[in-house]
Structures are given as structure tokens and as C-alpha cells.
Amino acid sequence: MALPDVRNTQIYRIDPELLLEKVLGLNVEYQHLSYDGSILGMTSFTEMGVQVFEDDDNEAFFFLDGKTVLVEKDLNFDSKLKGRKNFTLMHEGSHQIFKMLFPNDYGVTQKSAGVHYYKANSERNKPISDWEEWQANTLGAAILLPENLIKQGMYLFSLGEKIECLNKIYFPGVYKRFDALADFLGCSKKALAIRMKQLGLLKKEYLDNPFDLVTVYPEVSEL
């Protein structure tokens, strides 16, 4: 990253807000985007108005100028949601990157020509129903969690070259160091696990169900 304030310094993590504003030339704004918090981010490639909400839940109006990324305001005030905030920023920024790279082909269908909304846990949707959202998730994860920074972090947190089994009940030491690595990189544990599996740096993870004895125990002898 050839920015004056980080040039010739060791990089340990990606700052998505810095990347969006200083590298991509985008504006980042924080607003309440829905009543229930289900919408985490939005952006558009053209000028248009969108509905947002005041702190007292009154409806308001925000003007998107084609170069602005809106992020749910609550994500900016809760340190426990840092990973979700960073991924939301990078997801919406990825839409803008694709538009910059493919101005005549990306975001031109009737479905994608308006506002791109990022909703909570949409990256887990299977089967894939919206390829542009899937592309933004994939590119966002690759930029936020590049292979070299993950491997560097694994070394710093004594996780070796590959995690064979990630389970907080049966391998608490590995889990604790992995949890610290996710916080260090500014992402959620789930996002880091998915990315590491893609890179072949994690074999099995049981973040959702650590008590899954049927599948955990047969692998203990392989570790």
C-alpha cells in the first residue's frame, strides 16, 4: 500500500476505511439503515436517494452520489462488531472496485443497477442466488484477509503452518490463539475460518457446533 502514512512501515492488518477513502477515493458515512439492523451496508454507482433512520427511528433521506459507502451506524460504536464493520466496508467497497474495473459490464442489469444492499449473514446463503453479491463477498474477503498477512499472523500467534482442528472444547489452546488472531486482523472468527479453509490453512472447524462428537473424535487420532 503506497500511502505516505504507511510507506516503509510493517503492515499487520488491512484498514478497510483507510483503503476505501485514501486508495479508492470513496466517501464512508454511517447511518441507521433499517429498523431491525438487518441491513449492514449499501452503495450505488449513480446518484439516488435512499431511506435511512434517525436515532429516534424517524425516517430520513440520504443522498448517494455514486461514490459513497453507507454503513450501519451501530457497527461503528461497538468494538465487538469490529469484524462485521470491516467486512461490510470491504464488501461495499468491492462493488465499487468491480464497477471501476468493468464500467460497462458490472451493475447494469435491472436487479443491480440501483442500490447494492449488504444484509447480515448473507455470505452464508446457499445456493448462490445473487452472483454480484457473491463476487463482492469473495473479493472483500481476499482484500481484507490476504494470504501473506494471515500466515504472518499465524506465526505471530504460534499457530504453525496449518490448523488441523479448530474447536474451543477439545482444542482450547488453539482456539484461544485463533480468536486472538481474528481480533488482531480485525475480522470475525467465522470470516477468518472461511478464508483459511479456502487457502488450505485450516482443515476442520467447529465454530457453530463444538460439541459435535461424532465428527470431532474420529479426527483426534489424526492430529
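The model is predicted, so local features are reported only at pLDDT of at least 70 and side-chain atom pairs only at pLDDT 80 or more, while totals for chains, interfaces and linings use all residues. Residues are numbered from 1 along each chain as its sequence is written, and side-chain values use heavy atoms, with hydrogens and water left out.

Of the 223 residues, 43% are buried, where buried means under 20% relative accessible area, exposed over 50% and partly exposed in between, with a 1.4 Å probe and protein chains only. Contact means heavy atoms within 4.5 Å. Among contacts between residues at least 6 apart in sequence, 61% join residues at least 24 apart.

An open sheet is formed by 4 strands in the order β1-β5-β2-β6, with mixed pairing. Two strands count as paired if DSSP finds at least two bridges between them. The edge strands are β1 (27–31) and β6, each of which pairs on one side only. From one strand to the next, the twist averages 20 degrees. Strand β2 (residues 39–44) is joined by 5 bridges to β6 (residues 115–119), and the two run antiparallel. In this pairing, Ile39 stands opposite Lys119 of β6. Strand β5 (residues 68–72) is joined to β2 by 3 bridges, again in an antiparallel arrangement, and here Met42 stands opposite Leu70. In β2, 6 of the 6 residues are buried, so this strand is largely enclosed by the rest of the structure.

Ser44 belongs to β2 and is buried, with a relative accessible area of 0%. A polar atom of the Ser44 side chain lies 2.8 Å from the backbone oxygen of Thr46. This falls under the definition of a polar contact, a pair of N or O atoms within 3.5 Å; within protein, one atom must be able to donate a hydrogen and the other to accept it, and residues adjacent in sequence count only if both atoms are side-chain atoms. When residues up to four places away in sequence are not counted, Ser44 touches Leu64, Gly66, Lys67, Thr68, Gln96, Gly114 and Val115.

Helices α1 (residues 16–23) and α2 (residues 82–101) pack at an angle of about 30 degrees, with their axes 8 Å apart. The contact of α1 with α2 has 5 nonpolar, 2 polar and 2 charged residues; Ala, Val, Leu, Ile, Met, Phe, Trp, Tyr, Cys and Pro count as nonpolar, Asp, Glu, Lys and Arg as charged, and the others, Gly among them, as polar. On the α1 side Pro16, Glu17, Leu19 and Leu20 take part, and they meet Lys85, Asn86, Leu89, Met90 and Gly93 of α2. Axes are lines fitted to C-alpha atoms, for helices over the stretch in contact, and angles run from 0 to 180 degrees between N-to-C directions. The two helices are therefore roughly parallel to each other; angles under 35 degrees count as roughly parallel, over 145 as roughly antiparallel, 65 to 115 as roughly perpendicular and the rest as oblique.

In helix α6 (residues 189–198), Lys190, Ala191, Leu192, Ala193, Arg195 and Met196 are buried. The buried residues of α6 pack against α3 (131–144), α4, β7, α5 (172–185) and β8 (202–205). Phe178 lies in α5 and is buried at 0% relative accessibility. Apart from neighbours within four places in sequence, Phe178 is in contact with Leu159, Ile163, Leu166, Lys189, Leu192, Ala193 and Met196. Phe178 and Leu159 are 19 residues apart in sequence, with a C-alpha to C-alpha distance of 7.5 Å.

Positive phi values occur at several positions. Gly200, which follows α6, has a positive phi near 75 degrees. Asp57, although not a glycine, has a positive phi of about 75 degrees; Asp57 is located in the loop between β3 (47–53) and β4 (59–65) and is partly exposed, with a relative accessible area of 44%. Ser158, also not a glycine, has a positive phi near 55 degrees. Ser158 lies in the loop between α4 (147–156) and β7 (163–166) and is exposed, with a relative accessible area of 53%.
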